[in-house]
Every structure is written in C-alpha cells, then in structure tokens.
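Trainee: I would like to learn how to read strands and sheets. Could we work through an example together?
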Amino acid sequence: MPLPPYIHEKLKNKERYQTVYSKIEGSSAAPTAGLHFTNELIRKIKEKGVEIIEVLLHVGLGTFRPVKEDNILEHKMHSEYIEMSEYNAEKLNKAKSEGRRIIAVGTTSVRVLESACNDEGIILPQKKETNIFIYPSYKFKIVDALITNFHLPESTLIMLVSAFTGYSETMSIYNTAVQEKYRFFSFGDAMYLY
C-alpha cells in the first residue's frame, strides 16, 4: 500500500489509511479528507437531508510531487483516472439547478467534478484520464464548498485551495493552523471552505 512520503511509520491497522466508502481498487493513496468520515457520521449527515453522491478518482503518486518550477504554468500535472456516471451527473446537475450547494469532500473530488463539467457548468458522464491543474485564477464551474485537510507547501493541492479561497485567505488560514498547532497532512485536521 503506497503511503505519502511523510508517513514513516508502518501502520498497525492498514484500514486506518482507507475511507469507509472505498469500493474500487486502483488509487495510489487515500483521499485524506474522506478519512474524517465514519459510517455513523455519514448516516447522521444523510438524516439531515444531505444527499451524498460518490465519484471516482484514482489518486496517482504524482499528487505528492511538489511544484518546483518558478512559473507554475510550466509544471507538468500528473494524470489520474476519473469516472462520473450518468446517474450521478444527473443528480448533481439537478441539485445545482435547484440552487443546492455542491460540497466536495477533498481536492480529489474537486478534480473529478471540475473535470467532468463543461464550460456552461453542466456535469457530463465520463470515464477518462484528467490532468486538470487548478491554481489561482481558476474559475470554479460546479463546486460551491470544500472539505479538505491542510496540505504540503509547494503542492498542487495547496494551489487548488488557494484558487478556491484566494491566496491571502489561504495563507491566513494556514498561519492560524500553525499558531493553533492543527495537525497537517493525511491524518491531520480538516477545514470547511466556502
């Protein structure tokens, strides 16, 4: 089981680095924001009337590769496999047309949703590789809110967060997290951004 490079200890419980809703093998890493969810929490969320729609992205090892170029446009984004079923595309499009919020759990979900969305903000069913690179100045087409962990500096993940909340706001959030000693990375704390 591949683990992020910052996890140096052997996991006593291999299921600890797995989401409760994982079903299909193929991902090189767990979508870490999903590690916060238990079956009980998901049940409580559904009881409040929240509709949960599952999407697929096979996280690639490139997700851990830092951006080293001075010009981020020169960074070669890794490619990852995504699936968006016709049923889920219809459900998401209906929710959006009714004015309901699309809340992505994790940057992986954001990449699926934004990759499956056309320029008019309509989600289309598909099975494909995506190398979408979301960084500041990106205009989100479908995602209204994001639950995500605190990510490594110089990563495409923190760039996605910066695109969502703005660079200054992201740096303020991260400075607060450091001051308050929040836990970072895979087994760290999460934040809700909107």
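**Reading the strands**

Mentor: Start with helix 4 (residues 156–165), which lies across strand 5 and strand 6, running at about 150° to strand 5. Helices (H or I, at least four residues) and strands (E, at least two) are DSSP runs, numbered from the N terminus. Axes are lines fitted to C-alpha atoms, for helices over the stretch in contact (heavy atoms within 4.5 Å), and angles run from 0 to 180 degrees between N-to-C directions. This is a predicted model: local features need pLDDT of at least 70, side-chain atom pairs count only at pLDDT 80 or more, and totals for chains, interfaces and linings use all residues. Residues are numbered from 1 along each chain as its sequence is written, and side-chain values use heavy atoms, without hydrogens and water.

Trainee: What is the strand order in the open sheet of three strands?

Mentor: Strands of a sheet pair through backbone hydrogen bonds, either parallel or antiparallel. Pairing here takes at least two DSSP bridges. The order is 3-5-6, with mixed pairing. Strand 3 (103–105) and strand 6 (190–193) are the edges, each pairing on one side only. The twist averages 15° from one strand to the next. Strand 3 and strand 5 (residues 145–149) run parallel, joined by three bridges. Ala104 stands opposite Leu146 in strand 5.
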